[in-house]
Amino acid sequence: EALYHASNINVHRTVSRFPNSLRTIGYMRCDPTEGQKALWEMEYVHSNLRIRGMKLHPRSEGWIDKIVSQNAVDCLAKAAEFNWPVIFDTRGKQSILDISNLYEQTRNYLKSKAPQLLPRLKIIIAHFAQGNVGDEEVYRAITKPGVYGDLSMLHGKGAGLFLADYRKWFQQNNIKKKHTELYNDPRDWSEYLLFASDYPYFGPQHAQGLLVYLFNKEFFDSGGTLQDSANIMGLNQLRLLP
């Protein structure tokens, strides 16, 4: 059986029972390096379990230096078939850029093989902002149609600096207009971002240290709005789901 078969069943058992079923969304996990076995696991989960997305973890499975591969493209294409968002763990800037490159290769693959699935190709790049404030390469990596950035690990002053700097970069480069014309993707800056905590690896104080920067005077004075807060806090996550 696939590496995470038992774990996927346990996730299903947890999220399908009251009261967790009212507030928790289950994501399966697979290891693309298992090839066909990973695809079979995805098909089994989709047909039998209450799962709404997939998690990929290149570092812990040993493919952090080979993120762009046909096996990974096949898994992302299968996730698009099932309308699943896919969240990627990251470690360092290069992994973020590699995941972005993998997204582009999968997008090109679907264009030629199954263009009707393109709107369903959705990935979340986790932990991308911490340590990358002001890095335009990273900003471009998460600012693509079907891509979202997860703000876990970002907290304190770094959160305030990132939110102001990313918004400024987005607006100065007229991203909303460009993406509307190129991809029919009219999202504003805050519609690319997801609140996340990475709990229990990071504690509740870190989640609080991000939350306060989504509601304080500094956020609103620098151009943030209540709609931006709502987008980041939960609306974007809901939009990701089928």
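Predicted model: local features only at pLDDT ≥ 70, side-chain atom pairs only at ≥ 80, totals over all residues.

Residues are numbered from 1 along each chain as its sequence is written, and side-chain values use heavy atoms, with hydrogens and water left out.

Start with helix H1 (residues 5–15), which packs against H3 at an angle of about 20°, with the two axes 11 Å apart. The labels come from DSSP runs, numbered from the N terminus: helices are H or I with at least four residues, and strands are E with at least two. An axis here is a line fitted to C-alpha atoms, for helices over the stretch in contact, and angles run from 0 to 180 degrees between N-to-C directions. H1 and H3 are therefore roughly parallel to each other (that's the word for angles under 35 degrees; over 145 is roughly antiparallel, 65 to 115 roughly perpendicular, and the rest oblique). Their crossing is right-handed, meaning that the near helix is turned clockwise from the far one by less than a right angle, with anticlockwise making it left-handed. Where do H1 and H3 meet? His5, Asn8, Ile9 and His12 in H1 meet Glu41, Tyr44, Val45 and Asn48 in H3, where contact means heavy atoms within 4.5 Å. By class, that's three nonpolar, four polar and one charged (Ala, Val, Leu, Ile, Met, Phe, Trp, Tyr, Cys and Pro count as nonpolar, Asp, Glu, Lys and Arg as charged, and the others, Gly among them, as polar).

Now hop along from helix H3 (residues 36–48) to helix H5 (residues 70–81): their axes come within 10 Å and cross at roughly 15°. H3 and H5 are therefore roughly parallel too, and their crossing is right-handed. Ala38, Leu39, Met42 and Glu43 of H3 touch Asp74, Cys75, Lys78 and Ala79 of H5. This contact has five nonpolar, no polar and three charged residues.

H5 also has helix H6 (residues 93–113) as a partner, with axes that come within 9 Å and cross at roughly 65°. Here again, H5 passes H6 in a right-handed crossing. The contact includes Val73, Leu76 and Ala77 of H5 and Leu102 and Leu110 of H6. Its residues divide into eight nonpolar, three polar and one charged.

Next, the loops. The peptide bond from Phe18 to Pro19 is cis, with omega near 0°, and Pro19 sits in the loop between H1 and helix H2 (20–23). Another cis bond runs from Tyr199 to Pro200, with omega near 10°; look for Pro200 between strand S6 (193–194) and helix H10 (204–211). Asn174 has a positive phi of about 55° although it is not a glycine.

Finally, which residues lie nearest the centre of the largest pocket? They are Lys55, Ile87, Asp150, Asp198 and Tyr199, out of 23 lining residues. The pocket's space comes to about 800 Å³, and its lining divides into eleven nonpolar, five polar and seven charged residues. (On a 1 Å grid over the protein atoms alone, a pocket is an open set of points where a 1.4 Å probe fits, with protein on both sides within 12 Å along at least five of seven lines; lining residues have an atom within 4 Å of a point. Volume is the space filled by probe spheres set on the points, which are joined across faces, edges and corners.)
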